[in-house]
Amino acid sequence: MYASIRGSRRPSTPRKSRLTFRLAVLASTVALGAAGLAVAATPSSAATCNGYVGLTFDDGPTGSTSALLSVLRANGVRATMFNVGQNVQNNQSAARAQVDAGMWVANHSWNHAHMTSMNQSQMQSDLSQTNSAIQAATGIRPQLFRPPYGETNSTLQSVASSLGLRQVIWDVDSQDWNGASVSQIVSNASRLQDGQVILMHDGIQNTRDAIPQIMANLTSRNLCPGMISPSTGRAVAPDGTPPPTTPPPTGTPTTPPPSGGCTATATTPNVWGDRYNTSVTVQGASNWTVVVALTPPQRVSTTWNGSPSWDSTGYVMTMRSNGSGTTFGFTTMMNGNSGARPQIRSCTAG
């Protein structure tokens, strides 16, 4: 622009007019520069999206989650965070920060165990406990589940489906978990096509450093970060609104959707070094049946104000009212697992 102006031949202009013209050019240049900075800060807003990909980050939240969120926001990225329930319970503020930054939160098991070695009851307890921890921290009930190590079988898929979770693996592995360099991560991400999902991880510096280059490559191909559809497990356009939310429970309750006309809420009023008490309050029915799941190797040692029975594993308790009111309780021995808490599976009236 300056070469054109300076190189052109123009009639002589009064000094005042020349000054006014130069000020106008300067103002225009500053305005264009500011606009350029605004676009650079949110590249996805200026991109033409001819397709969508799912950027996913496993194993959070970690001590580096804040740094990851900063990079994602600086590059205009919304991603899906497959969180480990135990990490969420230990760092609720980081899980909430993910949602506040516009990310989607999902289930990645309670403690990243090899879930295909579990029986059906153990799988159910693990995923339910993780769902509850994420919902307690963020107010959002997950709709997606990624099995640790990508290991799955028909039983695990069936359990996930029964909890309203869509299993999501990945199409592209960034190899960041395997010590991949920044350039290798960027190269792997460049294979992403419309609808596909990439595996990355929270807490890895090279992954954070690769994000700007990953976004530059996607933008050059008119691909944009999208959400993962709970219906298909594929990346689609964001719906413009965050996932449905519910108020986070107070204390440590577990309240499943109402079933059969009653709800049951669990709290943990007493915790000792080797055991803890759980109190469950039933609303909506005076004659009730509540199903409670434990996390192995915890075991219930004592119950009160109800009539318990157990499934064959010994980890799923069915408590029935015995005329003692609408509150019952039990003592659970930790047996080395101090972090887990019982999960309410259902409450049925009658």
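Helix 7 is mostly covered, with 16 of its 19 residues buried, where buried means under 20% relative accessible area, exposed over 50%, and partly exposed in between (1.4 Å probe, protein chains only). The model is predicted: local features need pLDDT of at least 70, side-chain atom pairs count only at pLDDT 80 or more, and totals for chains, interfaces and linings use all residues. Residues are numbered from 1 along each chain as its sequence is written, and side-chain values use heavy atoms, with hydrogens and water left out.

**Helix 7 and its ends**

- Helices (H or I, at least four residues) and strands (E, at least two) are DSSP runs, numbered from the N terminus.
- From first C-alpha to last, the 19 residues of helix 7 reach 27 Å, close to the expected 27 Å; the expected span is 1.5 Å times one less than the number of residues.
- The N-terminal end of helix 7 is capped by Asn119, which has a side-chain oxygen 3.1 Å from the backbone nitrogen of Ser121.

- Ser109 lies in the loop between strand 3 (104-107) and helix 7 (120-138).
- Although Ser109 is not a glycine, its phi is positive, at about 80°.
- Ser109 is buried, with a relative accessible area of 0%.
- His112 is also in the loop between strand 3 and helix 7, and has a positive phi of about 60° although it is not a glycine.

**Nonpolar cores**

- A nonpolar core is a set of buried Ala, Val, Leu, Ile, Met, Phe, Trp, Tyr and Cys residues joined through side-chain atoms within 4.5 Å.
- The largest nonpolar core has 26 residues, of which Leu55, Phe57, Leu72, Ala79 and Ile214 touch the most other members.
- Two or more residues of this core come from each of strand 1 (51-60), helix 4 (65-74), helix 9 (182-189), strand 7 (197-201) and helix 10 (205-220).
- Helix 10 gives the largest share of this core, five residues.
- A second, separate core has 18 residues, among them Ala266, Val292, Leu294 and Ile344.
- Beyond its neighbours within four places in sequence, Leu55 is in contact (heavy atoms within 4.5 Å) with Val77, Ala79, Thr80, Leu192, Ile198, Met200, Met215, Leu218 and Pro225.
- In soluble globular proteins, nonpolar side chains tend to be buried together.

**A cis peptide bond**

- The peptide bond from Gly60 to Pro61 is cis, with omega near -10°.
- Pro61 is found in the loop between strand 1 and helix 4.

Conventions:
A polar contact is a pair of N or O atoms within 3.5 Å; within protein, one must be able to donate a hydrogen and the other to accept it, and residues adjacent in sequence count only if both atoms are side-chain atoms.
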